[in-house]
Amino acid sequence: MTTLIESNEHKSLREAVAAFAQTHPHTTNAEDNTRLWQAAAKLGYIGVNLPEAYGGGGAGITELSLVLEELGAAGNPLLMMIVSPAICGTVIARFGTEEQKREWLPPLADGTRLMAFGITEPDAGSNSHRITTTARRDAATGDWILTGRKVFVSGVDIADATLIVGRTEDARTGKLKPCLFIVPRDAPGFERRAIDMELNAVERQFELTLDDVRLPADALVGDEDAGLLQLFAGLNPERVMTAAFGIGMGRYALSRALEYARERTVWKTPIGAHQAIAHPLAQAHIDLELARLMMQKAAHLYDAGDDVGAGEAANMAKYAAGEACVKAVDQAVHTLGGNGLTREFGLARLITASRVARIAPVSREMILNYVSHQTLGLPKSY
């Protein structure tokens, strides 16, 4: 029943985060965003999923997704929560060396350091097997030398390091296998270029160039032969957290629409009394609640150590949340009419932002492929 009914502890955490989020103005610039991040970290929200032994809350993705959802529902989603504690923190906590854990987990938990995550390339999006960023060892020194490009990497300008997915050659087969490397932001040869996005978000997107970036041997995270396992250990939380991001955004848009529908009066009747307004809003609420249930299931499966079950549920949760978010935002804007496109009500910017929940980190079509093949057992066309 834990996936259906929240515990008292989770209810208390949800209420506390909601109250905290309501006391902060909407973050419209990097400075406000940083202050919100640090304030949330001080209360233990940013590192709630990280091990207690390294300064975290000792909880899981269940709790972290709850935090992100409530921040988003108040209009203050922190996109880097998906990246820094959920992906990077999880991978280091599960597979990092003791030295890597001591160096990175405490500052990731207390908000003093952030980490970005680079996997997507110009010619390799959902197909990670086409990643061309390579890492080779310098036989003389034991260093790693990375070469390649990454695109659509969030928050590189505010991150202290980026967890880069590269590929190394398997000595037995000669084939390339994925591996994860911690690349400091000031590493020689590591360059970034901001991508000119029409998306109105505080966190910027970057293209990265790695031109023979030399890293010490201990920059490799975990086992060189277990890179794929380690990669998916970070991608499942990413999908759960993206679902939380979408659900929070959808809830925020819906709350603004409900407020307007109760107050806006036409012919002496609040517009929310008309079924043409009320029913689509009710449906948006239902869709968001259903997506939340699948998100909670995915988070519980992941926290219980069921990576396979979590993979299926996390993909479904991300799909459901993306669809619910887009529909909720669309209906909210439509409810406000012309006012839905004004800066005053702050909904128009969500029209573009809500699409992110459908597109990233994996498109809804690729999720349908996953479910078709992995769950339903249908053959592949590729």
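Colleague: Is Asp307 buried, exposed or partly exposed?

Modeller: This is a predicted model, where local features need pLDDT of at least 70, side-chain atom pairs count only at pLDDT 80 or more, and totals for chains, interfaces and linings use all residues. Residues are numbered from 1 along each chain as its sequence is written, and side-chain values use heavy atoms, without hydrogens and water. Buried means under 20% relative accessible area, exposed over 50%, partly exposed in between (1.4 Å probe, protein chains only). Asp307 has a relative accessible area of 24%, so the residue is partly exposed.

Colleague: Which residue forms a salt bridge with Asp307?

Modeller: A salt bridge needs a side-chain nitrogen of Lys or Arg within 4 Å of a carboxyl oxygen of Asp or Glu. Here the closest N and O atoms are 3.2 Å apart. The partner is Arg94.

Colleague: Is Glu207 buried or exposed?

Modeller: Glu207 forms a salt bridge with Arg193, with the closest N and O atoms 2.5 Å apart. Arg193 sits in strand E6 and Glu207 in strand E7. Arg193 is partly exposed at 47%. Glu207 has a relative accessible area of 11%, so this residue is buried.

Colleague: Which residue meets Glu70 in a salt bridge?

Modeller: The N to O distance is 2.6 Å. Glu70 is in helix H3 and its partner in helix H1, 56 residues apart. The partner is Arg14.

Notes:
Helix = DSSP H or I, 4+ residues; strand = E, 2+ residues; numbered from the N terminus.
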